[in-house]
Amino acid sequence: MNTTAGTGEPIIVVGAGIAGMTAAFRLQQAGHPVRVLEAEDRAGGRMRTVERGGYHMDLAAILLIQNYTQMLDLVRDLGIEDTTLPTNNVVGIKRDGRVHRIRANKPTDLKRSGLMPWSSMPAMTRLQADLTKHQGRLRWDSDLGEVASLDTETAADYAERRLDKELRDYLVDPMSAMFFNSPPDLSVINFLFSMPAVNAEWFNFHDRVDTLTTNLAARLDVETNAEVTLVEEVAGGVRVHWSRPGEPDRVEEAAAAVVALPGPIAARLCPGLAPASLDYLENLPYVPDIHVYFGVDRKPSETATCVLFPTREHADLGVITFNHNFAPGRAPEGHALLTSYYRYPWAIRHWDTDDDTVVELTHEVHRQAWPELAKHIEAHQDMAYVQRWKNGVILRKPGDYARLREFNRGLDPRSRVQLAGDYLAFSATNSALVTGERAATRVRQVVTTGAVAAGRG
Ligand SMILES: Cc1cc2nc3c(=O)[nH]c(=O)nc-3n(C[C@H](O)[C@H](O)[C@H](O)COP(=O)(O)OP(=O)(O)OC[C@H]3O[C@@H](n4cnc5c(N)ncnc54)[C@H](O)[C@@H]3O)c2cc1C
């Protein structure tokens with residue numbers, strides 16, 4: 001096995017997203033030779049950036065928050081602090097055609113900006129009280145299965161019961177659009193979790209968000225274009241099968257493996273998991289995402305990093321980000337990069353629509369939702385790019401956290417195959433990273449104590 005140097009037992013990591021590469025990096029730091037197998041031609045997964053004509057498009061993750069403490073620790077351990085900077089954290093919310101701008105770490109802006117009327121102050125106080133009450137349990141490194149007792153209603157029902165219609169329509173609803181969802185579907189936990197997450201200072205990487213995953217990949221032995229087809233636990237180790245078009249199939253052996261893939265793919269590759277675990281992974285409620293980038297040769301006047309669209313403003317459009325306002329280097333000098341994100345039912349309806357039509361439909365949506373911006377984009381567009389993610393983020397409905405808890409309890413901590421990935425937590429880079437660190441700790445325990453898990457239920 002061609003692993004990086006190290007004196008510990010060799011480990012294979014499957015999947016070079018942030019979860020897998022964090023696991024690999026931590027294992028390598030602990031002295032294990034580690035090899036990472038990645039199906040795509042590049043590492044990074046949903047933390048990846050592409051460049052077109054000088055525009056840097058962060059293909060999935062875009063927003064990073066100062067309370068991503070585990071990510072900031074990793075940045076420090078990689079010695080790349082100088083690639084990060086604090087960034088603009090102004091969020092716009094559309095109401096009656098006007099953008100209300102709120103600094104994410106200044107909840108009082110909800111009132112000051114005129115977004116919320118004075119009559120909503122008691123509801124805002126109740127929301128603040130709930131956030132304070134639950135903040136200890138809703139951390140990035142929390143085991144979210146353990147918050148199942150709070151997971152009894154949708155975000156919409158919570159807003160109806162505990163807040164008021166204004167907060168429901170102009171805060172809870174647009175916040176859920178940040179995750180391509182809608183409050184009628186979404187567990188209240190997601191809303192409560194996302195509020196403190198964005199109620200903070202933000203940071204980012206100069207030029208492109210994948211600076212982190214690129215730096216991780218540069219320090220690891222990552223085999224790209226290596227599609228793993230099977231991960232088997234055998235006596236005293238694991239056997240990993242992978243293939244590359246036009247080449248004979250390969251089998252590699254190691255002491256243990258971390259499988260850091262979207263749930264349904266993990267289920268396909270790990271048939272040795274318990275039937276209930278496989279069933280959970282196969283049926284994870286991922287929602288697809290379609291979003292469209294527009295490069296324009298003149299900056300629009302908007303100063304927010306993103307503008308959220310409550311359903312009352314537009315049924316399908318969720319968010320427009322102004323990527324050039326997020327951090328430097330996203331667009332060539334004097335140009336701007338904007339991205340339009342849809343709520344997931346639109347993505348389902350248009351999954352098979354070709355890219356040119358998606359771009360045309362998006363222009364039409366802009367004309368409906370924000371006519372002045374639509375004019376600006378159409379007059380100055382010099383690039384459009386459509387990105388689709390089949391397994392975008394997880395839509396957790398009430399009751400899903402109890403299922404997550406059962407799933408976690410059903411996993412064997414002594415197994416030589418440990419799982420990582422954002423489906424074990426809230427769908428975000430930092431929580432995916434935490435699951436990678438956890439999986440690394442577990443495989444280390446298994447291989448260093450010599451626990452033989454092969455065949456154990
Ligand atoms: C549109 C969008 C916007 C988002 N915005 C944000 C944001 O602003 N901030 C934030 O923090 N999070 C955001 N997220 C969520 C975040 O991107 C993910 O939660 C996180 O990146 C998931 O990391 P992961 O390592 O668990 O999975 P992934 O990144 O999906 O990694 C899995 C890896 O496994 C590889 N793979 C798949 N099959 C195989 C196989 N058979 N063999 C080998 N390799 C395989 C994949 O190619 C991939 O590289 C966003 C997600 C989306 C879709």
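The model is a predicted one, and I began with the ligand, where I found one of its nitrogen atoms 3.0 Å from a polar backbone atom of Val228.

Entry, domains. I looked up how the chain is divided and found domain 1 made of 11–46, 211–284 and 396–449, with domain 2 made of 63–208 and 286–393. To the contact between them domain 1 gives 41 residues and domain 2 gives 42. The centres of the two domains, taken over C-alpha atoms, are 29 Å apart.

Entry, interface. I noted that domain 1 and domain 2 bury about 3300 Å² between them, with 62% of that on carbon and sulfur atoms. Which residues form a salt bridge here? Arg26 pairs with Asp77, and their closest N and O atoms are 2.7 Å apart; across the interface of the two domains one salt bridge is found. I also recorded 14 residue pairs in polar contact across this interface. On the side of domain 1 that touches domain 2, helices H1 (18–29), H8 (211–218), H9 (263–269), H15 (400–410) and H16 (429–449) each supply at least two residues, and by class I listed 17 nonpolar, twelve polar and twelve charged residues on that side.

How values were computed
Residues numbered from 1 in each chain as written. Predicted model: local features only at pLDDT ≥ 70, side-chain atom pairs only at ≥ 80, totals over all residues. Heavy atoms only, no water. Domains from an automatic or database assignment. Contact = heavy atoms within 4.5 Å. Buried area = accessible area lost by both parts, 1.4 Å probe. Salt bridge = Lys/Arg side-chain N within 4 Å of Asp/Glu carboxyl O. Polar contact = N/O pair within 3.5 Å; in protein donor to acceptor, adjacent residues only side chain to side chain. Helix = DSSP H or I, 4+ residues; strand = E, 2+ residues; numbered from the N terminus. Nonpolar A, V, L, I, M, F, W, Y, C, P; charged D, E, K, R; others polar.
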